[in-house]
Amino acid sequence: TSDEIEIIKKSIGVEYKGFPVGLYAVFLLFTGLRKGEALALTYGDIDFDEKTISINKSVFFVENHGRLKKPKTEAGIRTITLSDYLAQVMPRGKKSDYIFSPTPTEPMTEGFHQYAMVSWREQTGLNLTAHQLRHGCGTLLHEGDVKPKDAQEWLGHADISTTLNIYTEVSKKRKATVAEQ
């Protein structure tokens, strides 16, 4: 909801053991990246001058440890725009360092991710997962009248029906607008 989006944005300073879990949540909401895609990002994947984010790898977990792989599908390999808002709030770092990890030289562990998200939920009062934040981005794209094909590319879906059927969760506000039309 719009109220939840405001809470998410205000949570940007929320931390768990020094990790900026609030920034991570904001990033997921405004980029729509899958959890594994976001956890695999290094500072070298963000071009702050061109305002782009290159998604070309993903983290998966083996016995709690993060390992790298290619994205879920070929469509998952993509470049999206870094919004002005995210460009202002994102930290800068060494190109090889992971952005979303408490240990910059290694991907975040699964356990740390789980505890960080529990902490974020407790601190914000929101009961949302990383994947629900991705859904939120799909809804924002829909509400912003982004064409489905563009949203498909943004979200890295191989099939347009995924974008149309799953990620266009229309808000109550949007439904009211449609009813008036």
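Tutor: Start with helix 2: ten of its eleven residues are buried, so helix 2 is largely enclosed by the rest of the structure. Keep in mind that this is a predicted model.

Student: Which residues of helix 2 are buried?

Tutor: Val21, Gly22, Leu23, Tyr24, Ala25, Val26, Phe27, Leu28, Leu29 and Thr31.

Student: And which residues of the largest nonpolar core touch the most other members?

Tutor: That core has 40 residues, and Tyr24, Phe27, Met90, Phe100, Trp120 and Leu133 touch the most other members. The elements that give two or more residues to this core are helix 1, helix 2, helix 3 (35-40), strand 2, helix 4 (84-89), helix 5 (110-124) and helix 6.

Student: Which element gives the most to this core?

Tutor: Helix 2, with eight residues.

Student: What does Phe100 touch?

Tutor: Leaving out residues up to four places away in sequence, Phe100 touches Phe19, Leu23, Tyr24, Phe27, Ala38, Leu39, Met90 and Met108. Of these, Leu23, Tyr24 and Phe27 are among the buried residues of helix 2.

Student: How do helix 2 and helix 5 pack?

Tutor: Their axes are 9 Å apart and the angle is about 90°. Helix 2 and helix 5 are therefore roughly perpendicular to each other.

Student: Which residues meet there, in helix 2 and helix 5?

Tutor: From helix 2, Val21, Gly22, Tyr24 and Ala25; from helix 5, His113, Ala116, Met117 and Trp120.

Student: What comes just after helix 2?

Tutor: Gly32, which takes a positive phi of about 75°. Arg34 is found in the loop between helix 2 and helix 3.

Student: Is Arg34 buried or exposed?

Tutor: Buried, because its relative accessibility is 16% and the cut-off for buried is under 20%.

Student: What does the side chain of Arg34 make a polar contact with?

Tutor: With the side chain of Glu37, at 2.7 Å. Leaving aside neighbours within four places in sequence, Arg34 is also in contact with Leu28, Lys72, Gly76, Arg78, Arg134, Leu155, Gly156 and His157.

Student: Where is His157?

Tutor: In the loop between helix 7 and helix 8 (160-166). His157 is buried, with a relative accessible area of 5%.

Student: Which side chains does the His157 side chain make polar contacts with?

Tutor: One is Arg134, at 3.2 Å. Another is Thr163, at 2.7 Å. Arg134 is also on the list of residues in contact with Arg34.

Student: How many bridges join strand 2 to strand 5?

Tutor: Four, and strand 2 covers residues 52-55. As one example, Ile53 has Ile80 in strand 5 as its bridge partner.

Student: What do strand 3 and strand 4 form?

Tutor: A hairpin, with two residues between the strands. Strand 3 (residues 58-62) and strand 4 (residues 65-69) run antiparallel and are joined by five bridges. Ser58 stands opposite Lys69 in strand 4.

Student: Which residue in the turn has a positive phi?

Tutor: Glu63, at about 50°.

Student: Where is Lys17, and what is its phi?

Tutor: Lys17 is in the loop between helix 1 (2-10) and helix 2 (21-31). Its phi is near 50°, a positive value in a residue other than glycine. Lys17 is exposed, with a relative accessible area of 69%.

Student: What about Asp145?

Tutor: Asp145 has a positive phi too, about 60°, and is not a glycine. Asp145 is in the loop between helix 6 (130-143) and helix 7 (148-155), and is exposed at 54% relative accessible area.

Student: Last one. How far apart are His131 and Pro71?

Tutor: They are 60 residues apart in sequence and 15 Å apart in space, C-alpha to C-alpha. His131 is in helix 6 and is partly exposed, with a relative accessible area of 43%.

Methods. Residues numbered from 1 in each chain as written. Predicted model: local features only at pLDDT ≥ 70, side-chain atom pairs only at ≥ 80, totals over all residues. Heavy atoms only, no water. Buried < 20%, exposed > 50% of the residue type's maximum accessible area, 1.4 Å probe, protein only. Pairing = 2+ DSSP bridges. Core = buried A, V, L, I, M, F, W, Y, C linked by side-chain atoms within 4.5 Å. Contact = heavy atoms within 4.5 Å. Polar contact = N/O pair within 3.5 Å; in protein donor to acceptor, adjacent residues only side chain to side chain. Axes fitted to C-alpha atoms, helices over the stretch in contact; angles between N-to-C directions. Parallel < 35°, antiparallel > 145°, perpendicular 65-115°, else oblique.
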